[in-house]
Each structure stands twice: as structure tokens, then as C-alpha cells.
Amino acid sequence: MRTDITKINEKTPYQDLTEGLMVFAGGTAKLFKTGEWRNNTPVWDSEKCRQCLLCTPCCPDSSIPVMSGRRGNFDYDHCKGCGICANVCPFGAITMKEGMEP
Amino acid sequence: MTNEKKMSTPAAPIPERMSGNEAVAFAIRQVNPDVMPAFPITPSTEIPQMVSSYIANGLMDTEFIPVESEHSAMSAAVGAESAGARSMTATSSAGLALMWEELLLAASNRLPIVLTLVNRTLSGPININCDHTDSMGARDTGWIQIYAENNQEVYDNYIQAYRIAEHRDVRLPVMICQDGFITSHGVQNISLLPDQPVKDFVGTYAPEEYLLNPGKPVAVGPYAVTDYVMEARKAQREAMENAKQVILDVADEFAALSGRQYGLFEEYRTADADYVMLIIGSAAGTAKEAVDELRGQGKKVGVLKLRVFRPFPEKEIAEALANCRAVAIMDRSENYSGQAGALGSEVTAGLYRQHSDILAVNYIYGLGGRDFTTEDAAAVFEELREGVEEGRPVGQYRYVGLRG
């Protein structure tokens, strides 16, 4: 029953879909670019940022990547522009900008 | 997958006396499913209560989850079944209504959960007694529905349920229905099977794909964009259509084990019958008694007792009714369409599609536990006879035993 789901797309006949639309792989949500839904976009000012990392756990979409204890720029493929990060930042290092583009 | 081995010799029967709830609890002990989340509601409360006693007494090792509502009971069953555990629950009436959302998820995620339903009306007016409003309301949730006339059938249907649900051509949840109080609390003779033949018949659950399967990640119930929903539903419908043959195959194997043969429905003295009563559940016993009395007076009457309502055996019913002159379609629920009850709608649609033009009269009976007597059944048969033989107009959508 295990199917290579990368071979399934919107042209696949119903007989060839997985039972109950089960997905036979891990971490596939990464492939779904929910950032396309964004109306407002957070912009990160690395000069003002003190790397307190308060923003990272507040992000509902895990769109603030952290490497070696330091945050990097936003993952705009998955950020939906909710603005929580800008609201919690104590240093004014994140500002919200209207539209899709940073 | 499930045990495909054919049984050739019947198991030695154990005569007992039990209520329907006792019978299904006894079958649950024998099958010993992995997980049972449940919340009590009259008249099904005894089922989780008795199972809890079996567990406390060390007679079975099912993981019983005392949840805070039926919404949680079906949610937990969905989670457990997705994880790879053979799961079940029991409920009635408002409990089934509170499960509604998850009933559809259990079916669309193709989870072979078994629910033992004790039919009770839905409010209002609030009432705790039998009719089929609850399960008929859930008829479009994608569950297989199998109904019982008495405690023996509840017991037998439960033992067959997992073999149907878990079959690779089906993979759908099954609702095993019995009439509240009439069957669930009425004590009758019953022929039980020994434990080991039941366990051998049901087999060990070994799903191919499940959540707690290291190294083989799977996501269950993902969001489906517009491009996939129609295809998913069509595949689910085919599984339901496949269930018809699987139900018959499992019934044949069960007959070899028990000596009791089941089908999609039972035909009682219908071979030469001019007038047939199509009915579901415990009232079929009353109808058969009436048929015996009327046959004694030379009247050619019979009963078609529907066992499987989902998948709906439209063609088979139409064929079974092909040689009669009129049918009374008996609904134990009111669905306010103003046209017909649930069974009435589907049977008349089926007769039309099979080009049958027999007189088909839809009766609503037994709501909220109202008695349905042999006199009621005889009056229905007489009304059919007058309609056909004396040309007296018969209304298409009528109540039995209504005041006024």
C-alpha cells in the first residue's frame, strides 16, 4: 500500500490516491508554502536585534530559524504575517510592512 | 491483515440467558480489542460498565479510557485506531449525536473502528426509549450499519464486525445496532461460542500503515485541497460498495463456525407472499409473529428484515420484492422531509430504479419506544390488501398507532 507520494498530483486518478489520503513521509508540511497567504510582512533589523530569541518561540509557524544560538532572517515561504514577533520584540527590531514583500 | 482461514467445523455452542447489552459485552471480552474509550449514556451504559468489570477482574486486557464526553470517546478511538490499535466504543442517542464530527473522520480516514450502538431516540421531546432516529441520522457519515433483531444477532454481528471493517477492500468503521431496552435490556436465550474459536475467527489486527510504526512515517487525515476531495470521496464510496460482498463472505464463514447464516437481509415466508413488511430491528420479531398468525388464516404475507442498511442493498431488496403485490416499508424514525422516512425514501427510490411498480406504503411506527404489536402489523397487512384487492386509496406516508 505504501505509495511514493511525490508521484501524486492533481492529475492523479482516484484509484491511485492513497487510502484516506494518507501521506507516507515525514515533514511534508515544509513543501506547502503557506507564506503565499501573507498580507503583512515582518522586516528584521539585524542592527537593532540583541538576539534575545523571544520572537522565535512566539512564532506560530516556526518561521524564525535559529542556528548556533542566533536567529537569522524570516522564512518567508511559511510566515503568514501575523505580527506577533513584532509585538513581542523589546528592541523594535521587527517592523510590519504592508504587502507580501519584505 | 485479518485471519482469512476458513472454519469447517461448528464450535460447540454454550446455551445461556442474557440481555443484548450482556451479549455484546461478552463478545467484546472474547474479541478483547486493544482500546475502548467510552462515556456512559442510557441505554448503552451497561456495555462499558460490564467491560470495565471484565478488565478489573483480569478477564481481558483492553485499555479502557473513561473520557469526559462522546466527542472525546470517538476522538480517542480515531487516535487509537490511527496509531494501530484495534478500537471500539459504545453509545446511544445524544452520545452518537455528540460524536457526529468524528464519525465522518473515522470513515474518511478509513479507520476500522467498531461502535456498538444501542438505538434510542434523539431529543426532543426528551425520551430515553427505542427508535432509530440516532443511527438513521448518522446514515450518511460513511459508516457500515448492521442491525439486530435480538440479543443473538447483536452477539453474532459484533463478532463479524472487525472482519468486515478491517478487510483490505473495505477499511471502514462499522456500527452494530440493537434496539434500546427492547433488545439491550430484555433477557433472552442465547447460544454463545467458546472463546478460542471466536478469537481465531476475528484474528489478530495487523494494519499495513499506522502511526506508531518506527521508520515508516505516515500522516493521517491531512488537509485536502479542492483537487483531491472528490477523488477521496469516490474512493471511500467504492470501499462501501465493496463491503456488500465482504459482509456476505464473512457471514458464510461465520455460518460455518456457528451454524447461523446471515445475509444483507432475512426473508421470512416471502417466497409466495403477496404482501411483505420490510422492517429493521426488534419489531421484525413482532412482524414475524403476526405473519404466522395471518398465514394460519390463509393470508399470503411475509417479512423482509433488513440487516444491512449501509451499504444499502437497493438492487437485492427490489429483486426480493419483485413478486409481491405490495410492500409496507416500516420506518422507526421521523426525518421531517414530509415525503418519507429514511428507509421509505431509499426503498422507493430503489424500486423505481429497478422498474418495479408495486404498491409501496411507508409507515412510521414505534417512535420514542411506542409499542408495535401483532395487531398493528396485521392492520398494516390488511391496509395493503385493501389497497390492492379493493382499490381503496392508501396514503403513502402514514403513522402506526397515532392518536387523532
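Chain B has 404 residues, and a compact globule of that length would have a radius of gyration near 22 Å; chain B has 21 Å, which agrees. The radius is taken over C-alpha atoms, and the globule rule is 2.2 Å times the number of residues to the power 0.38. This is a predicted model: local features need pLDDT of at least 70, side-chain atom pairs count only at pLDDT 80 or more, and totals for chains, interfaces and linings use all residues. Residues are numbered from 1 along each chain as its sequence is written, while chains are lettered from A and ligands numbered from 1 in the order in which they are written.

**Chain B overall**
- The C-alpha trace of chain B spans about 70 × 55 × 45 Å along its principal axes.
- Chain B holds 13 helices and 15 strands. These are DSSP runs numbered from the N terminus: helices are H or I with at least four residues, strands are E with at least two.
- Of the 404 residues in chain B, 51% are buried. Buried means 20 or more other C-beta atoms within 10 Å of the residue's own, with C-beta atoms placed from the backbone.
- Among contacts in chain B with a separation of 6 or more, 81% join residues 24 or more positions apart. A contact means that two C-beta atoms, placed from the backbone, lie within 7 Å.

**Two domains in chain B**
- Domain 1 covers 14-258 and domain 2 covers 265-399 of chain B. The bounds come from an automatic or database domain assignment.
- The centres of these two domains of chain B, taken over C-alpha atoms, are 28 Å apart.
- In chain B, 25 residues of domain 1 are in contact with 21 residues of domain 2.
- On the domain 1 side, α9(B) gives the most, with five residues.
- That side of domain 1 of chain B has 11 nonpolar, eight polar and six charged residues. Nonpolar means Ala, Val, Leu, Ile, Met, Phe, Trp, Tyr, Cys and Pro; charged means Asp, Glu, Lys and Arg; the others, Gly among them, are polar.

**Where chain B meets chain A**
- 18 residues of chain B are in contact with 14 residues of chain A.
- Helix α9 (residues 226-258) of chain B gives the most to the chain B side, with six residues.
- The chain B side has nine nonpolar, two polar and seven charged residues.

**A look at B:A138**
- B:A138 sits in the loop between α6 and β6 of chain B.
- B:A138 is buried, because 22 other C-beta atoms lie within 10 Å.
- Leaving aside neighbours within four places in sequence, B:A138 is in contact with B:L96, B:L103 and B:W143.
- B:A138 and B:A148 are 10 residues apart in sequence and 17 Å apart in space, C-alpha to C-alpha.

Technical notes. A residue is buried if 20 or more other C-beta atoms lie within 10 Å of its own, exposed if 12 or fewer, and partly exposed in between; C-beta atoms are placed from the backbone.
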